[in-house]
Amino acid sequence: MTTKTKKNEFRPNDYVVYPAHGVGQIVLIEEQEIAGIKLELFVISFEKDKMTLRVPTHKASEIGMRSLSSPDVVSQAIKTLKGKAKVKRAMWSRRAQEYEQKINSGDLIAIAEVVRDLHRADDQREQSYSERQLYEAALERLTREVAAVSGGDEVAAARQVDEVLGLRAA
């Protein structure tokens, strides 16, 4: 009985957050036979990445797939951006791993922390290539979810995030 309620948590046309890929839209729920076993699958489209993912419905919550964040969580993430960057003195490889884990956790607040910690104002030293890659990945995930929660305009969401980061530098 509990699996029945879990399966119906997401429906076609719902926007969801898949931890490793960010915001996607469920296109349909289909049944497929794989290795003689019938499976019910969410078909999730990631329009920006031109990618389609099939996730077994019974595994969705186990892998961390979730609904979009609430507006409260979004404003908490924006508030996180306003904070002071916390840069640990650990080696870059260690920090990079931690940032990667935060980005792939799918947790909006953790992603906002990565954006905050890796953001560079124009007058600060240049970022390394790997730093820039992580920053851009986190920024993209953050703006996509902010846009999806607020109704879909990614340009406006990016502007909102930029303004907050700009204010912090001042």
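The model is predicted: local features need pLDDT of at least 70, side-chain atom pairs count only at pLDDT 80 or more, and totals for chains, interfaces and linings use all residues. Residues are numbered from 1 along each chain as its sequence is written, and side-chain values use heavy atoms, with hydrogens and water left out.

Q: How many aromatic pairs does the structure hold?
A: Rings of Phe, Tyr and Trp (its six-membered ring) pair if their centres lie within 6.5 Å. By that rule, the number of aromatic pairs in the structure is two.

Q: What kind of aromatic pair do F10 and F42 form?
A: Planes under 30 degrees apart count as stacked, over 60 as edge-to-face and the rest as tilted. For F10 and F42, the centres are 5.7 Å apart and the planes make 80°. The pair is edge-to-face.

Q: How many residues apart in sequence are the parts that F10 and F42 tie together?
A: Helices (H or I, at least four residues) and strands (E, at least two) are DSSP runs, numbered from the N terminus. F10 lies in the loop between α1 (2-7) and β1 (15-18), while F42 is in strand β3 (residues 37-46). The pair therefore ties together parts separated in sequence by 32 residues.

Q: Is F10 buried or exposed?
A: Buried means under 20% relative accessible area, exposed over 50%, partly exposed in between (1.4 Å probe, protein chains only). F42 is buried, and F10 is also buried.

Q: Which class does the pair of W92 and Y99 fall in?
A: The ring centres of W92 and Y99 are 6.1 Å apart. Their planes stand at 50°, so the pair is tilted.

Q: How are α4 and α5 oriented to each other?
A: The axes of α4 (residues 108-118) and α5 (residues 129-150) come within 9 Å and cross at roughly 135°. Angles under 35 degrees count as roughly parallel, over 145 as roughly antiparallel, 65 to 115 as roughly perpendicular and the rest as oblique. α4 and α5 are therefore oblique.

Q: Is Q101 buried or exposed?
A: Q101 sits in helix α3 (residues 92-105). Because its relative accessibility is 59%, Q101 counts as exposed.

How values were computed:
Axes fitted to C-alpha atoms, helices over the stretch in contact; angles between N-to-C directions.
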